[in-house]
Amino acid sequence: PAGAVSAFGFDLGADQTFLLPANLVAQPQKVERIHIDFTKRAKRVDVKKVKEQMWGLIEGQLGESQSSDSNSDSNSLKKSAISFSDVYKDLLASLAPSAKEDLSFHISFVCLLHLANEKGLHLSGMDSLDDINVALSC
């Protein structure tokens, strides 16, 4: 019947065949459950301390961007950029054993992004796209 109204208030129209089970879409195949190995306990990381340690390492390896003329010879021997993986390795070596367990590469990267924002670091990708160069902005 034309103008029939469904339980939801929609006009069904003259053809109501779309409501029959024969016109329903088949149930899709289920995909196997994928096991993702994630940590079972919450990690507590002192981000402020990690950032301080990381900044000390970066500053120590790259030197101050504004140096006096008397220190120009010693700063010329320092690198202009350092890779993030080197910073991470040195960071793990400088932290306490309890902090090492909770610190992940991902959290360290977030700390680097915070430092780049706060201290004006210049981050650039390497040609191989497997690491990041960290440099002091001029």
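First, the ground rules. The model is predicted, so local features need pLDDT of at least 70, side-chain atom pairs count only at pLDDT 80 or more, and totals for chains, interfaces and linings use all residues. Residues are numbered from 1 along each chain as its sequence is written, and side-chain values use heavy atoms, with hydrogens and water left out.

Now the layout. The protein has five helices and three strands. Those are DSSP runs, numbered from the N terminus: helices are H or I with at least four residues, strands are E with at least two. From the N terminus, the order is α-α-β-α-α-α-β-β. Of the 138 residues, 22% are buried. Buried means under 20% relative accessible area, exposed means over 50%, and partly exposed lies in between, with a 1.4 Å probe and protein chains only. On contacts, meaning heavy atoms within 4.5 Å: take pairs at least 6 apart in sequence, and 52% of them join residues at least 24 apart.

Next, the sheet. It is open, with three strands in the order β1-β3-β2 and antiparallel pairing. Two strands pair if DSSP finds at least two bridges between them. β1 and β2 are the edge strands, each with a single partner, so one side of each has no neighbour in the sheet. Two bridges join β1 to β3. In that region, S83 stands opposite N133 of β3.

On to the core. Which residues touch the most other members of the largest nonpolar core? They are M54, I58, L91, L112, L121 and V134, out of 19 residues. A nonpolar core here is a set of buried Ala, Val, Leu, Ile, Met, Phe, Trp, Tyr and Cys residues joined through side-chain atoms within 4.5 Å. The elements that give two or more residues are α1 (47-62), α3 (84-94), α5 (105-119) and β3 (132-136). α1 gives the largest share, six residues. As background, nonpolar side chains tend to be buried together in soluble globular proteins.

Start with I58. Leaving out residues up to four places away in sequence, I58 touches G63, V87, L112, L121 and V134. Then L121, which lies in strand β2. L121 is buried, at 9% relative accessible area. Beyond four places in sequence, L121 contacts W55, I58, L112, L115, A116, V134, A135 and L136.

Now α1 itself. The helix has 16 residues and reaches 22 Å from first C-alpha to last, close to the 22 Å expected. The expected span is 1.5 Å times one less than the number of residues. Its buried residues are V50, K51, M54, W55, L57, I58 and L62. Down the axis they fall within an arc of 165°, so they line one face of α1. That arc is taken over directions from the helix axis to the C-beta atoms. The face turned away carries the exposed residues K48 and E52. What does the buried side of α1 pack against? Its partners are β1, α3, α5, β2 (121-125) and β3. Just after α1, G63 has a positive phi of about 80°.

α3 next. F84, V87, Y88 and L91 are buried there. They cover an arc of only 100°, which puts them on the same side of α3. K89 and A93 are exposed on the face turned away. The buried residues of α3 pack against α1, β1 (82-83), α5 and β3.

Last, the rings. The structure holds three aromatic pairs. Rings of Phe, Tyr and Trp (its six-membered ring) pair if their centres lie within 6.5 Å; planes under 30 degrees apart are stacked, over 60 edge-to-face, the rest tilted. One of the pairs is Y88 with F105: edge-to-face, 5.0 Å centre to centre, 80° between the planes. Y88 is in helix α3 and F105 in helix α5, so the pair ties together parts 17 residues apart in sequence. Y88 is buried, at 15% relative accessible area. F105 is partly exposed, at 37%. Ring pairs also link F84, Y88, F105 and F109 into a cluster.
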